[in-house]
Amino acid sequence: MAEKMKLAIIRGATCSGCDVEIVDINERLVEVLGIADIVYAAVIMDTKHSELEAMADGSIDITFYHGAVRDSENEHLAKIARKKSKTLIAFGSCAVYGGIPGLANVTNKEEIFKVAYQDTPSTVNPDFVVPLPEWKDERGHVLTLPRFYDDVFSLDDFVEVDYYLPGCPPLVTQINQALDVIVSGELPPKGKVLASEKTLCDECKREKSENMRIEKICRPHEIEPDPEKCLLEQGIICLGPATRAGCEAKCIEANMPCRGCLGATAAAIDQGGSILSAIASILDITDKESQMSEEDIYKLVSQIKDPLGTFYRFSMPKSLLRRTKKELEKEKV
Ligand code: SF4
Ligand code: SF4
Ligand code: SF4
């Protein structure tokens with residue numbers, strides 16, 4: 001009998017939705033367990049970091065790392081994961097792009113701690129005591145906590161990643177396709193994103209006009225969208241044109257716009273920039289630029305609520321922006 005593969009699931013700054021989606025592959029788990037031993041997976045086994053650290057370098061065949069890198073413990077685990085694994089897969093959009101936690105790059109550690117430990121109505125902390133990375137008790141025992149970073153990072157900001165499986169979380173169909181590739185042993189060239197090269201619009205079955213134009217933007221709850229027609233054409237911001245295909249247009253099927261969880265397409269560097277340019281063209285801003293006043297353009301664009309959160313919801317740390325405020329503050333100094 002062929003030797004079983006060794007598999008690990010390692011958690012960074014994660015909401016655990018990725019863990020849940022792995023379990024959601026249901027009976028496929030039995031097949032996986034038939035060909036692979038799970039040697040480390042904090043969510044399902046009582047495993048300690050020290051056990052992972054004690055494993056021989058390169059002894060794990062495949063490691064899925066999910067979650068962003070937000071503190072020193074995430075960074076440490078990312079580096080250990082790299083050292084111990086033959087193949088390291090960034091699993092989920094937090095690991096691939098920094099994901100939703102990456103939106104915290106609009107602020108910094110000091111402000112986050114202030115809100116969490118001082119300003120919230122449920123917090124009584126008049127002396128503004130915050131968690132310290134190191135603390136010595138009265139008997140001289142040193143207690144440590146991970147250091148919280150100012151920025152949120154993607155996995156490949158710290159270590160080389162072999163494959164990327166985006167999605168928030170990656171859907172069961174995507175996980176199964178990745179497993180098919182792993183089981184077949186025919187892995188693609190390193191560095192590849194294990195998802196379609198097309199845009200979600202290519203995969204979406206809704207009717208769309210050749211020369212789409214809109215004059216008003218609405219939020220999903222403000223209208224009852226026609227389930228056959230393109231949502232963007234009905235004025236709802238849908239990130240389909242700027243998002244990688246691979247989810248079988250799940251949200252669109254539920255008559256909800258795409259929020260972009262699979263990240264930028266293969267052709268785009270910056271998902272937010274890419275959707276902004278698509279929206280500018282359908283809002284008629286580019287064509288009519290000379291006829292529209294700045295005020296008109298401002299009025300039109302300000303119909304988009306929370307543009308940063310809408311356009312960079314999953315990809316801020318990997319975007320051309322990477323973060324916002326800190327750079328501005330630096331300029332002010
Ligand atoms: S990718 Fe989504 S589901 Fe996975 S850890 Fe990040 S936020 Fe959670
Ligand atoms: S914009 Fe959205 S609704 Fe329209 S075709 Fe693309 S994915 Fe479908
Ligand atoms: S439709 Fe968009 S947000 Fe929804 S699962 Fe697909 S890529 Fe993610």
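The legends below describe several views of a predicted model.

Residues are numbered from 1 along each chain as its sequence is written, while chains are lettered from A and ligands numbered from 1 in the order in which they are written. Since this is a predicted model, local features need pLDDT of at least 70 and side-chain atom pairs count only at pLDDT 80 or more, whereas totals for chains, interfaces and linings use all residues.

View 1. The C-alpha trace of the chain spans about 70 × 60 × 35 Å along its principal axes, and the chain holds 14 helices and 10 strands (DSSP runs numbered from the N terminus, helices being H or I of at least four residues and strands E of at least two). Three domains divide the chain, namely domain 1 (5–101 + 150–193), domain 2 (108–149) and domain 3 (200–326), with bounds that come from an automatic or database domain assignment. The centres of domain 2 and domain 3, taken over C-alpha atoms, are separated by 39 Å. Of the 333 residues of the chain, 34% count as buried, a term that requires 20 or more other C-beta atoms within 10 Å of the residue's own, while 12 or fewer make a residue exposed and values in between partly exposed, with C-beta atoms placed from the backbone.

**View 2. The surroundings of ligand 1.** Ligand 1 is surrounded by 13 residues, of which the closest are Cys15, Gly17, Gly92, Cys94 and Cys168; a residue is near a molecule if its C-beta atom, placed from the backbone, lies within 6 Å of it. At least two residues of this shell come from each of helix H1 (17–23) and helix H5 (93–97). The shell around ligand 1 has 6 nonpolar, 7 polar and no charged residues, where Ala, Val, Leu, Ile, Met, Phe, Trp, Tyr, Cys and Pro count as nonpolar, Asp, Glu, Lys and Arg as charged, and the others, Gly among them, as polar.

**View 3. The nonpolar cores.** The largest nonpolar core has 48 residues, and Tyr65, Ile89, Ala90, Phe91, Ala95, Tyr164 and Leu165 touch the most other members; such a core is a set of buried Ala, Val, Leu, Ile, Met, Phe, Trp, Tyr and Cys residues joined through C-beta atoms within 7 Å. Domain 1 and domain 3 both give residues to this core, so it lies between them. Apart from it lies another core, of 19 residues, including Cys204, Ile252, Cys258 and Ala264.

**View 4. Two positions in helix H10.** Glycine 272 has its place in helix H10 and is buried, because 23 other C-beta atoms lie within 10 Å. Leaving aside residues up to four places away in sequence, glycine 272 touches Phe311, Tyr312, Ser315 and Ser319, contact meaning that the C-beta atoms of two residues, placed from the backbone, lie within 7 Å. Serine 281 also lies in helix H10 (residues 271–282), but serine 281 counts as partly exposed because it has 15 C-beta neighbours inside 10 Å.
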